[in-house]
Amino acid sequence: MDGIRYAVFTDKSIRLLGKNQYTSNVESGSTRTEIKHWVELFFGVKAIAMNSHRLRGKARRMGPIMGQTMHYRRMIITLQPGYSIPPLRKKRT
């Protein structure tokens, strides 16, 4: 569970849910095989494809010092038909 940070819910990722593709941000040092193994083990699903891209951290200023946030990797996981991942967070009432 250390590899996956959180699920991503953007316009594109919500559109991809119809194609049985799930999007999440993962640790930048994680590999595709590690994430695929973890998703299959934890959720009990079969992944047929994994796409990933690396996102750079954003520049941030703290007074006179210029810094940046951490880099991270975004994975798009395609599951076999018939499998799905339940919502990761419950709605607040």
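How many salt bridges does a search of the whole structure find? The search finds 1 salt bridge, the term denoting a side-chain nitrogen of Lys or Arg within 4 Å of a carboxyl oxygen of Asp or Glu. The model is predicted, so local features need pLDDT of at least 70 and side-chain atom pairs count only at pLDDT 80 or more, whereas totals for chains, interfaces and linings use all residues. Residues are numbered from 1 along each chain as its sequence is written, and side-chain values use heavy atoms, with hydrogens and water left out.

**Stop 1: the salt bridge**

Select Arg 5 and Glu 27, whose side chains meet in the salt bridge at 3.5 Å, N to O. Arg 5 belongs to strand β1, while Glu 27 sits in the loop between β2 and α2 (32-43), so the pair ties together parts that are 22 residues apart in sequence. Helices (H or I, at least four residues) and strands (E, at least two) are DSSP runs, numbered from the N terminus. Arg 5 is partly exposed at 36% relative accessibility, and Glu 27 is partly exposed at 30%. Buried means under 20% relative accessible area, exposed means over 50%, and partly exposed lies in between (1.4 Å probe, protein chains only).

**Stop 2: Asn 25 and Arg 74**

Next, select Asn 25 in strand β2 (residues 21-26). Asn 25 is buried, with a relative accessible area of 2%. Display its side chain together with that of Arg 74: a polar contact of 2.9 Å joins the two. A polar contact is a pair of N or O atoms within 3.5 Å; within protein, one must be able to donate a hydrogen and the other to accept it, and residues adjacent in sequence count only if both atoms are side-chain atoms. Leaving aside residues up to four places away in sequence, Asn 25 touches Ile 4, Arg 5, Tyr 6, Val 8, Tyr 72, Arg 73 and Arg 74, where contact means heavy atoms within 4.5 Å.

**Stop 3: Val 8**

Is Val 8 buried or exposed? Val 8 is buried, at 8% relative accessible area. Beyond residues up to four places away in sequence, its contacts include Ser 13, Thr 23, Asn 25 and Arg 74. A distance drawn between the C-alpha atoms of Val 8 and Tyr 22, 14 residues apart along the chain, reads 8.4 Å.

**Stop 4: Ile 35**

Select Ile 35 in helix α2, a buried residue with a relative accessible area of 3%. Residues up to four places away in sequence not being counted, Ile 35 touches Gly 3, Ile 4, Val 26, Ser 30, Met 50, Met 75 and Ile 77.

**Stop 5: the aromatic cluster**

Now select Trp 38, Phe 42 and Phe 43, which ring pairs link into a cluster. The structure holds 3 aromatic pairs. Rings of Phe, Tyr and Trp (its six-membered ring) pair if their centres lie within 6.5 Å; planes under 30 degrees apart count as stacked, over 60 as edge-to-face and the rest as tilted. Trp 38 and Phe 43 form an edge-to-face pair, 6.0 Å centre to centre with 90° between the planes. The rings of Phe 42 and Phe 43 have centres 5.0 Å apart and planes at 85°, so this pair is edge-to-face. Phe 43 is partly exposed, at 22% relative accessibility.
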